Amino acid sequence: MNLWLLLTLTALAEYAYQTRGTHSCPDLCTCSFLPSSAEVVCRQSSLTYFPADGLYPNITRLSIQSRNLSFITARHLSFVPLLNHLQLYHTNLSSLPSDLLGAIPHLSTLDLTGNQLIHLPPKVFVHSLLHSLVLKNNLIEKAHGEWFSDNSSLTWLDLSGNRLTSITAALLQKLPHLENLDLSHNHLQELQPDTLANLHHLETLNLAGNKLISLKPSTFSHNVKLSQLFLQENQLRELPVTLLQGLQHLELLLLNQNRLRYLPSGLLDDRKSSFQMTVTGNPWQCDANLEYLWKWLTNHPQNVFFLDEVVCDGPEALKHKQVVSLTDSQLDPK
């Protein structure tokens with residue numbers, strides 16, 4: 001064996017000896033190691049406690065999924081001070097300590113999907129670098145502005161699948177940098193005109209699966225960067241003609257599964273050629289008042305998903321007939 005090879009093997013053996021303890025992995029978890037970071041994933045249902053043993057400081061991503069994990073503390077997270085991505089997914093957490101994030105100053109993404117969270121303490125998400133917060137599928141009945149600091153750095157907030165009956169301007173005023181807001185599958189019945197007024201950077205807004213009956217003309221007037229708007233599966237009966245006014249970047253509009261009978265003349269004017277929409281599952285009343293939608297669908301078939309499923313609900317003579325197949329005389333018989 002030559003000298004170079006001997007020295008190399010000796011160095012590798014010494015490195016392995018020195019790092020033997022640092023590259024351990026917690027029980028019931030799997031680990032991926034990189035020179036300057038690591039990821040730990042714990043998905044065993046038998047995990048009943050935070051896996052502090054085996055964690056080491058340069059872990060940057062931690063994901064825990066266990067229905068038997070019921071609490072976590074700031075001290076637990078002090079074992080991983082470089083953490084930038086934390087997922088506590090489908091655990092049994094019903095509350096969080098207000099100082100939870102204090103020991104992880106680099107955290108950028110926090111995912112708390114599928115827990116039992118109802119009430120959260122003030123300042124729980126006051127964190128200078130937090131950009132993405134997912135609270136999907138919990139039991140939250142009210143979202144509070146006091147959770148956040150003024151001028152929060154959040155760009156992504158997911159509150160879908162909770163029990164919200166309203167969303168306040170006081171909350172969203174704290175989040176001026178939001179680009180993506182998901183409020184789908186809650187119990188929202190209305191949006192006040194100023195609710196979204198401070199979200200000048202908003203690009204995606206998901207309001208699907210709520211109980212919205214109507215929208216005010218100025219609801220989205222301050223959200224000029226909006227490119228995707230999801231309004232499907234609500235109870236909308238009519239839309240203001242100026243609802244989309246000023247939304248020059250709008251690329252996608254979903255209106256399916258509502259209670260719309262007509263669209264107001266002018267609603268879809270000045271849409272870009274790349275604009276796409278869905279309007280299926282509405283009780284379209286195929287008479288003279290539907291002329292605007294009929295003409296728009298006829299002239300822009302490439303902009304409509306599931307065009308052949310846009311059918312008349314009335315009158316009885318036209319029931320189930322495709323809207324684009326109608327003639328002038330059928331819409332406005334003399």
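Cys29 is buried, with a relative accessible area of 14%; buried here means under 20% relative accessible area, exposed means over 50%, and partly exposed lies in between (1.4 Å probe, protein chains only). A disulfide, counted when two cysteine sulfur atoms lie within 2.5 Å, joins Cys29 to Cys42 with an S to S distance of 2.0 Å. This pair links distant parts of the chain, 13 residues apart: Cys29 sits in the loop between α1 (3-19) and β1, and Cys42 in strand β2. Cys42 is buried too, at 0%.

This is a predicted model, where local features need pLDDT of at least 70, side-chain atom pairs count only at pLDDT 80 or more, and totals for chains, interfaces and linings use all residues. Residues are numbered from 1 along each chain as its sequence is written, and side-chain values use heavy atoms, leaving out hydrogens and water.

## The hairpin

Helices (H or I, at least four residues) and strands (E, at least two) are DSSP runs numbered from the N terminus, and two strands pair if DSSP finds at least two bridges between them. Strands β1 (residues 30-33) and β2 (residues 38-42) are antiparallel partners over 4 bridges. They form a hairpin with 4 residues between them, and Phe33 stands opposite Ala38 in β2.

## The other disulfides

The structure holds 3 disulfides. Cys25 bonds to Cys31, sulfur atoms 2.0 Å apart; Cys25 is partly exposed at 30%, as is Cys31 at 21%.

Cys286 is joined to Cys312, and this disulfide is left-handed because its S-S torsion is about -100°.
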